[in-house]
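Please keep the sequence and the model in view while reading.

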Amino acid sequence: MTPLTALLVFIGTFLFVAIVFVIPVSYALGIASMVVFMAGGHDVVTVAQYAWSSLDSFSFLAIPFYIYAGTLMEYSGISKMLINWIGGIIGRVRGSLGIITILASMAFGVLTGSAMATISAIGKIVQPQMEKEKYPRGYVAALLAATCFLGILIPPSVPGIMYALSAGIKISDVWMVTIGPTLIFMVGYITVNYCRIGRHLPKPEAVSISGTERLEEFGKNTFRAIPALLMPVIIYGCIYGGICTPTEAGALSAVYGIFYYLILWFVNKKAIKIDFLTIAAISGASTAVIGLLNAFSVIAGKVITLTGVSGFLSNLITQSISTKGGFLLMINILFLFMGTFMDINATILIMTPLLLPVAMNAYGITALHFGAIMLVNMCVGFLTPPFAVGIFVGQKIAGATFTDTVKEAVPFIIVGLAAILVTTLCSGYLMFFVNLFT
């Protein structure tokens, strides 16, 4: 079987099985890989060995730990603590609720690393208050869709772990390389919020409060938010303080999450939304999905290697695209398009073994830079119509129409494109944050 035939059979089988039979991506990958294995005359017994070896990894343990800790935080009332604490810092400024939403989504994403958990937890709290303050529903939906993915770009990030495992590089480096783009998103979103909402709102009435009272109020909010603030302190302090690895820090965060949940259960049961076993089931299901995806994607990677598809694609791309700039343009368009309709973890596991060797060997693009481009583009895809998941979830929470949401999302998409541009062209800016903690 020629490399081109193997590639066409793999892609055709994958799309047919996934679309026609509505089978999850992980199983579609496995079936497509098996078809190519058998058609190419390879020993299918090795499939089970490849799948097992992909999961028999110490680094992979970080994923269930962070998912479990994030689920515990998600259902323990942490989001309201963060919003109150950030609100105390922002104070009474025009459009403050939008700024609070942006910063709270970033902070909550640090705890969960999940876009959908962030948009649900933060959105359900801020949406009623935004409606009370006459924020347009379409704008609320667009803002939630634009901010939900910021947690993916801030450590700890499960997609970051997936990419690090696929590329064979340090998890902590992948986490830090997306900090720079996140700051661009933050500044850009706050600017959009002021131009669209803040400058049109009346100036808040002056409140007679002394500096001592303000400081006292901030102290109270900070004290209440300590359970939420301790989580990133544990993770970052242990990793970048040289105490433990990212995987071990994940285990510590899970232990901390369990202790916090049990203490909250004894002190204030009403603050807990679901029981302990349900949380374990939710995190277990999420881990199983990622585990299957990882196992089958490794099999797909072996198929690509054994059939010579990697070398074929490398030659095809280098013959068609002669410059590094052309290649960067191609992968940006590809990843942005895939981000609008495909799961980020699936894209990472499928595309990394296909394109990373070409990027490194033919165009001199480092694995970290390639990973940053992929992650940022995939995140902006959450916001880019017509298939954007963030748009659909945001409009449902805000009760907005699809048309209004897309219209309000345009300025946020422009910020996303600016972040993509900086990520692509300014690798030194990205590496500044990596080198800062190494």
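Thr-405 has its place in helix H22, which covers residues 402-425. Helices here are DSSP runs of H or I with at least four residues, strands are runs of E with at least two, and both are numbered from the N terminus. The model is a predicted one, in which local features need pLDDT of at least 70 and side-chain atom pairs count only at pLDDT 80 or more, while totals for chains, interfaces and linings use all residues. Residues are numbered from 1 along each chain as its sequence is written, and side-chain values use heavy atoms, with hydrogens and water left out.

Is Thr-405 buried or exposed? Thr-405 is buried, because its relative accessible area is 0%; buried means under 20% relative accessible area, exposed means over 50%, and partly exposed lies in between (1.4 Å probe, protein chains only). Leaving aside residues up to four places away in sequence, Thr-405 touches Gly-138, Ala-141, Ala-142, Ile-391, Gln-395 and Ala-400, where contact means heavy atoms within 4.5 Å.

Asn-221 counts as buried because its relative accessibility is 10%. With residues up to four places away in sequence not counted, Asn-221 touches Asn-84, Trp-85 and Gly-88. Val-358 stands 137 residues from Asn-221 along the chain, and the C-alpha atoms of these two residues are separated by 51 Å.

The domain assignment divides the protein into domain 1 (1-42) and domain 2 (43-437); such bounds come from an automatic or database domain assignment. The C-alpha centres of domain 1 and domain 2 are 30 Å apart. At their meeting, 18 residues of domain 1 are in contact with 21 residues of domain 2.

How much area is buried between domain 1 and domain 2? The value is about 1700 Å², and carbon and sulfur atoms give 86% of it; buried area is the accessible area (1.4 Å probe) that two parts lose on being put together, summed over both.

On the side of domain 1 that touches domain 2, the elements giving two or more residues are helix H1 (3-20) and helix H2 (25-39). H2 supplies the largest share of that side, 10 residues.
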